[in-house]
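User: I am new to this structure and would like to learn how to read it feature by feature. Please give the general idea each time, and then the case at hand.

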Amino acid sequence: FKRLRQNLKKTRDALGAELTQTLFDTLDDETWERLEEALIMADVGAKATAEIVGRLETEATTGGMTDPAALQDRLTELLAEAARPTGDATIDLRHGPTVIMVCGVNGTGKTTSIGKLAHTLATQLGQKVVLGAADTFRAAAVEQLQIWGERAGVEVVAAVPGGASDPASVAFEAVRRGREAGADVVIVDTAGRLHTQLPLMEELAKVRRVIEKQLPGAPHEILLTVDSTTGQNGLRQAQEFSQAAPVTGIVLTKLDGSAKGGIAIAIAQELSIPVKLIGIGEALEDLRPFDADDFASALVR
Ligand code: GDP
């Protein structure tokens, strides 16, 4: 939790000196305006901001809650409430193997997140993991995944032995290999370029189909990486992706370097997809389950 606080420093700084108890020392119109401005700047979103400010103001003016410390606690609670994901934010690992497909626009932190996830699953939870490097359009992406695989000590499937190396074939082979090797989890990386000949969304659908063909019921999770530093843009990307694929969870990356961490709240409010994991740094252990209460406390105090 301490590390989360440290790593969310940038969002907290963006909220400025604003979300400290001193904001509530005098309660007047300016107090609520400053609070509103701070939340909007952190990309909490207009709707959630209006609701949080409105409720706090009512509780202060008509409810008689005027103690600065009490107001600050209440603000933390309201932020946590707004950030709480709709739907189940856990990742069920009881399938044999559990297949996790990861998608997202290039640069959002897809490969890095897969590496961290593989590391956590393998070293902390003792799971046998196989990675599928199905982002075959970028040679660098395949290489990068291989490096992450080495670091995490897990097998990486990058091509069908002696055969094809297109995305669908690699995805199919990764799941086949996962079953053969008795893996607990297979994580499949996918392409993330936005514009090429074959529309990205069509290709994701194809990768999904072949995974399902290899293992009925799979993929069990479709995770989407969203770069928190892009704020509302990330929210729009998530909306687009979720129209094309049944995204089951969001990995919100780069929260450590983002002044727009409030986007976690905007996502909870505007999408019916839970944020399941957050990226808070570049190291192997910097991927965490998302916890709305910890997140809100890290922002305010
Ligand atoms: P991809 O193109 O989506 O696969 O993106 P990469 O995984 O290659 O990540 C792009 C850049 O973002 C790299 O320089 C990563 O080190 C960096 N990155 C990814 N996740 C995080 C994070 O949580 N925090 C920080 N600070 N950097 C990150």
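Analyst: What follows goes from the whole chain to the sheet, the cores and a few single residues. Keep in mind that this is a predicted model.

User: Where do I start with the whole chain? How many helices and strands are there in the chain?

Analyst: The chain has 12 helices and 8 strands. Its radius of gyration is 21 Å, close to the 19 Å that the globule rule gives for 301 residues, so the chain is as compact as a globular protein of that length. The C-alpha trace spans about 70 × 40 × 30 Å along its principal axes. Of the 301 residues, 51% count as buried. Among contacts between residues at least 6 apart in sequence, 76% join residues at least 24 apart.

User: How do I read the sheet? In what order do the strands of the open sheet stand?

Analyst: In general, the strands of a sheet pair through backbone hydrogen bonds, either parallel or antiparallel. Here 8 strands form an open sheet in the order E3-E2-E4-E1-E5-E6-E7-E8, and the pairing is mixed. Strand E3 (155-157) and E8 stand at the edges with a single partner strand each, so one side of each has no neighbour in the sheet. On average, neighbouring strands of this sheet are turned by 25° against each other, direction ignored.

User: Which helix packs on the sheet and touches E2, E3 and E4?

Analyst: That is helix H7 (residues 139-152), whose direction makes about 170° with that of E2. As for the strands below, E2 (residues 129-133) and E4 (residues 185-189) pair in the parallel sense over 5 bridges. Within that pair, Gly132 has Val188 in E4 as its bridge partner.

User: Let me look at strand E7 (residues 275-279). How many of its residues are buried?

Analyst: 5 of the 5 residues of E7 are buried, so this strand is largely enclosed by the rest of the structure. Its pairing shows both senses. With strand E6 (residues 249-253), E7 pairs in the parallel sense over 3 bridges, and Val251 stands opposite Leu277. With strand E8 (residues 287-289), E7 runs antiparallel, joined by 3 bridges; there Ile278 stands opposite Arg288. E6, helix H11 (residues 263-270) and E7 also make a right-handed β-α-β unit.

User: What should I look for in the interior?

Analyst: In soluble globular proteins, nonpolar side chains tend to be buried together. In this chain the largest nonpolar core has 74 residues, and those with the most contacts inside it are Leu35, Leu39, Leu79, Ile211, Leu252 and Phe295. Helix H5 (residues 68-83) gives the largest share of this core, 7 residues. Apart from this core lies another, of 20 residues, among them Ala118, Leu145, Val156 and Val251.

User: What does Ile211 touch?

Analyst: Leaving aside neighbours within four places in sequence, Ile211 is in contact with Val99, Met101, Ala171, Val175, Val188, Ala218 and Pro219.

User: Is helix H12 (residues 292-300) largely enclosed or open, and what covers its buried residues?

Analyst: 7 of the 9 residues of H12 are buried, so the helix is largely enclosed by the rest of the structure. The buried ones are Ala292, Phe295, Ala296, Ser297, Ala298, Leu299 and Val300. Their cover includes helix H1 (2-7), helix H2 (9-14), H5 and H11.

Terms used
Residues numbered from 1 in each chain as written. Predicted model: local features only at pLDDT ≥ 70, side-chain atom pairs only at ≥ 80, totals over all residues. Heavy atoms only, no water. Buried < 20%, exposed > 50% of the residue type's maximum accessible area, 1.4 Å probe, protein only. Helix = DSSP H or I, 4+ residues; strand = E, 2+ residues; numbered from the N terminus. Pairing = 2+ DSSP bridges. Right-handed = clockwise from strand over helix to strand, strands pointing away. Axes fitted to C-alpha atoms, helices over the stretch in contact; angles between N-to-C directions. Contact = heavy atoms within 4.5 Å. Core = buried A, V, L, I, M, F, W, Y, C linked by side-chain atoms within 4.5 Å. Rg over C-alpha atoms; globule rule 2.2 N^0.38 Å.
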